[in-house]
Amino acid sequence: MDRSMIARWLGVCCLSAILCCIDAHAATPAQGWRIDEAQTSIAFTIDAVGFPTTRGHFAHYRGRLLIDFDRPAKSYTTFTVDAASVDVGSPSFNDFVKSAALLNVERFPTMSFASTQVDKVDAHTARVTGNLTLLGVTKPVTLTVDVASDPAANPAAKSRAVAFVAKGRIQRSDFGMTFGIPLIDDALEITVKTRALSDE
Amino acid sequence: MNRVTTVWPLSLRLAHWLNAALVIGALGLGAFMVLAVHSAATRFELTQTHKSIGVGVLVLTVLRLCLRCVMRVHRPEPASRSVTIAAKAVHIGLYSLLLLLPLSGWLMVTSTPVRVPTVVFGLFELPYPLAPDIARFRVAHAAHIVLAVTLAALVVLHMVAALVHAWVWGDRTLTRMWLRADRVL
């Protein structure tokens with residue numbers, strides 16, 4: 001049966017990160033960073049009764065990062081995800097997740113996240129709060145972001161790389177996505193991994 | 001009696017073996033996807049196929065029953081009264097389950113809150129006549145499982161009985177259902 005399913009959605013987007021923290025580096029004012037698309041994934045998981053955990057990701061997105069290590073609160077990020085780029089593992093499953101029952105991509109082709117607040121928790125962790133817009137509904141969500149300097153970055157070169165892993169949990173019903181509840185969980189996990197590059 | 005006339009009409013023989021393939025396929029696929037598939041995407045795909053096969057079973061079973069009503073159906077091979085009664089009971093059970101099992105599946109997919117359209121073999125969409133109701137879904141789900149296990153048991157019994165007829169009693173019960181029965185008998 002189907003049931004399944006599903007999952008969805010969501011996407012989310014998110015965020016990434018941003019952040020902040022990471023002490024130690026050269027003090028620069030908020031600066032632009034490039035998102036390393038080869039190291040970026042916007043993924044989600046959702047559970048359902050009597051159905052395997054659904055894991056999916058979005059292939060197409062646009063994102064911006066502004067990182068200020070000295071003043072994390074000045075950091076900022078925004079991501080916009082192409083809802084139709086969802087991939088849950090098979091064409092027909094993708095089509096169902098994109099249908100009006102879930103992502104409704106015809107009516108809501110994008111979902112987005114824009115940070116509103118960045119708080120440094122410790123040297124390697126930040127908490128990013130922002131507005132998530134899904135199915136045309138905007139709600140605040142908070143993501144916990146692990147931040148790590150990328151060991152692959154060469155300090156001698158005038159470039160820096162910072163890896164972020166942002167995780168959050170949303171209740172999809174908050175955004176009007178009630179399909180399948182309670183057989184499909186209301187809550188879903190969002191994980192955004194990305195790497196930011198700076199050419200300063 | 002002319003021996004040739006004891007074979008089942010070709011249409012019923014074809015329907016029998018096609019239905020057998022569909023039923024065994026649906027039962028096997030259903031058990032496999034629920035017990036052994038841990039990928040959500042694969043489970044989703046297999047479930048769609050399972051539903052299509054189930055609709056095929058339902059349509060074909062109705063067709064078979066209609067054919068049996070309009071075509072001359074021969075009496076069974078001579079056997080003891082107890083065997084004849086048992087065979088009749090098993091056949092009534094098989095036909096009943098061939099109707100009830102797909103219908104319980106239909107009730108499931110129309111009652112579940114996780115309503116996924118059923119596009120039968122990509123040809124047409126199965127209507128969902130009832131509104132979702134999780135309590136009804138749970139009843140239908142439980143019934144579907146019980147009916148499936150019961151049908152699997154009856155199918156095995158049916159196959160064993162056919163082999164006993166052929167190999168132990170040496171009658172033509174199985175032979176006259178062969179697709180090429182006209183040439184054999």
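**Figure 1. Surroundings of A:T53 in a predicted model.** A:T53 touches A:T45, A:I46, A:D47 and B:A40, leaving aside residues up to four places away in sequence; contact means heavy atoms within 4.5 Å. This is a predicted model, in which local features need pLDDT of at least 70, side-chain atom pairs count only at pLDDT 80 or more, and totals for chains, interfaces and linings use all residues. Residues are numbered from 1 along each chain as its sequence is written, chains are lettered from A and ligands numbered from 1 in the order in which they are written, and side-chain values use heavy atoms, with hydrogens and water left out.

A:T53 lies in strand β3 (residues 51-58) of chain A. Helices (H or I, at least four residues) and strands (E, at least two) are DSSP runs, numbered from the N terminus. The side chains of A:T53 and A:D47 make a polar contact (2.5 Å). A polar contact is a pair of N or O atoms within 3.5 Å; within protein, one must be able to donate a hydrogen and the other to accept it, and residues adjacent in sequence count only if both atoms are side-chain atoms. With 26% relative accessibility, A:T53 counts as partly exposed. Buried means under 20% relative accessible area, exposed over 50%, and partly exposed in between (1.4 Å probe, protein chains only). A:W33 is 20 residues from A:T53 along the chain, and their C-alpha atoms are separated by 34 Å.

**Figure 2. Chain A, its helix and strands.** Chain A has 1 helix and 11 strands. Along the sequence they follow the pattern β-β-β-β-β-β-α-β-β-β-β-β. Of the 200 residues in chain A, 52% are buried. Among contacts in chain A with a separation of 6 or more, 66% are between residues 24 or more positions apart.

**Figure 3. Helices α1(B) and α4(B).** Two packed helices are described by the angle between their axes and the distance between the axes. The axes of α1 (residues 10-35) and α4 (residues 134-168) of chain B come within 11 Å and cross at roughly 135°. Axes are lines fitted to C-alpha atoms, for helices over the stretch in contact, and angles run from 0 to 180 degrees between N-to-C directions. α1(B) and α4(B) are therefore oblique to each other; angles under 35 degrees count as roughly parallel, over 145 as roughly antiparallel, 65 to 115 as roughly perpendicular and the rest as oblique. The contact is formed by B:H16, B:V23 and B:L27 of α1(B) with B:A148, B:L151, B:A152, B:V155 and B:H158 of α4(B). These residues comprise 6 nonpolar, 2 polar and no charged. Ala, Val, Leu, Ile, Met, Phe, Trp, Tyr, Cys and Pro count as nonpolar, Asp, Glu, Lys and Arg as charged, and the others, Gly among them, as polar.

**Figure 4. B:H16 in helix α1 of chain B.** B:H16 is buried, with a relative accessible area of 14%. B:H16 touches B:R64, B:H158 and B:M177, not counting residues up to four places away in sequence.

**Figure 5. Two further helix pairs in chain B.** The axes of α1(B) and α2(B) (residues 40-70) come within 9 Å and cross at roughly 155°, so the two helices are roughly antiparallel. Their contact has 15 nonpolar, 9 polar and 3 charged residues. The axes of α3(B) (residues 81-111) and α4(B) come within 8 Å and cross at roughly 150°. α3(B) and α4(B) are therefore also roughly antiparallel, and their contact has 18 nonpolar, 10 polar and 1 charged residues.
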